[in-house]
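Biologist: Can you take me through this fold? I'd like to start with the strands and then get to the helices.

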Amino acid sequence: MDYQIIRLTDRPGLKEQAAQWFHEKWGIPLAAYMESMEDCLTGKTPVPQWYLALEQDNIIAGMGVIENDFHNRKDLAPNVCTVYTEPDKRCNGIAGALLNYVSCDMKEKGIGTLYLLTDHTSFYERYGWEFLCMVQGDGEPELSRMYIHKE
């Protein structure tokens with residue numbers, strides 16, 4: 001596969017396309033993505049950040065780093081969020097490459113520990129993430145798995 005991983009800060013012109021793409025995948029209001037991406041592009045703080053995998057100019061995968069991914073453990077921050085790979089591009093190592101890229105990039109920004117909220121089991125362990133604890137997602141009836149990654 002021929003794709004490239006970029007930071008949104010490297011291609012700010014993709015902000016609207018990226019916000020729309022994440023909105024379509026997760027159903028979070030478009031305005032929330034636009035606001036977070038605008039905060040990212042100001043560069044005032046290392047969080048939030050947004051990352052994309054592009055095949056030509058098509059987004060095939062992406063994820064962000066935000067303070068809290070809608071859960072009750074505000075002390076577990078920042079969080080990798082909105083991890084998504086297009087279904088026809090899965091099983092090609094793209095998500096793993098993105099996770100590694102994000103971890104390295106955040107470490108360069110002075111953040112060596114990241115957290116991730118998920119219902120998946122076994123996927124993230126392949127990329128050096130460790131199960132930490134169960135947490136309560138906002139408005140969720142069941143507990144979700146919280147993972148930690150230290151770079």
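Biologist: What order do the strands take in the sheet?
Modeller: This is a predicted model. In it, seven strands make an open sheet, ordered β1-β2-β3-β4-β5-β7-β6, with mixed pairing.

Biologist: Which ones are the edge strands?
Modeller: β1 (4–7) and β6 (130–136), each of which pairs on one side only. From one strand to the next, the twist averages 30°.

Biologist: Now β4. Is β4 enclosed or open to the outside?
Modeller: Strand β4 covers residues 79–85, and seven of its seven residues are buried, so the rest of the structure largely encloses it. The cut-off for buried is under 20% relative accessible area.

Biologist: How does β4 pair with β3, parallel or antiparallel?
Modeller: Antiparallel, over five bridges, with β3 spanning residues 58–66. Opposite N79 of β4 stands I66.

Biologist: And how many bridges join β4 to β5?
Modeller: Two, and those strands run parallel; β5 is residues 113–118. N79 turns up here as well, standing opposite Y115 in β5.

Biologist: What about β5 and β7, parallel or antiparallel?
Modeller: β5 and β7 (residues 143–150) run antiparallel and are joined by six bridges.

Biologist: Which strands does α1 touch?
Modeller: α1 packs on the sheet against β2 (49–55), β3 and β4, and its direction makes about 85° with that of β3.

Biologist: Switching to helix against helix. At what angle do α1 and α2 pack?
Modeller: About 140°, with the axes 9 Å apart; α1 is residues 15–26 and α2 is residues 30–42. That angle makes α1 oblique to α2, because only angles over 145 degrees count as roughly antiparallel.

Biologist: Is the crossing left-handed or right-handed?
Modeller: α1 passes α2 in a right-handed crossing.

Biologist: Which residues make the contact?
Modeller: From α1 they are K15, E16, A18, A19, Q20, F22, H23 and W26. α2 contributes L30, Y33, M34, M37, E38 and L41.

Biologist: How many of those are nonpolar, polar and charged?
Modeller: The residues in the contact of α1 with α2 split into nine nonpolar, two polar and three charged.

Conventions:
Residues numbered from 1 in each chain as written. Predicted model: local features only at pLDDT ≥ 70, side-chain atom pairs only at ≥ 80, totals over all residues. Heavy atoms only, no water. Axes fitted to C-alpha atoms, helices over the stretch in contact; angles between N-to-C directions. Helix = DSSP H or I, 4+ residues; strand = E, 2+ residues; numbered from the N terminus. Parallel < 35°, antiparallel > 145°, perpendicular 65-115°, else oblique. Left-handed = near helix turned anticlockwise from the far one by under 90°. Contact = heavy atoms within 4.5 Å. Nonpolar A, V, L, I, M, F, W, Y, C, P; charged D, E, K, R; others polar. Buried < 20%, exposed > 50% of the residue type's maximum accessible area, 1.4 Å probe, protein only. Pairing = 2+ DSSP bridges.
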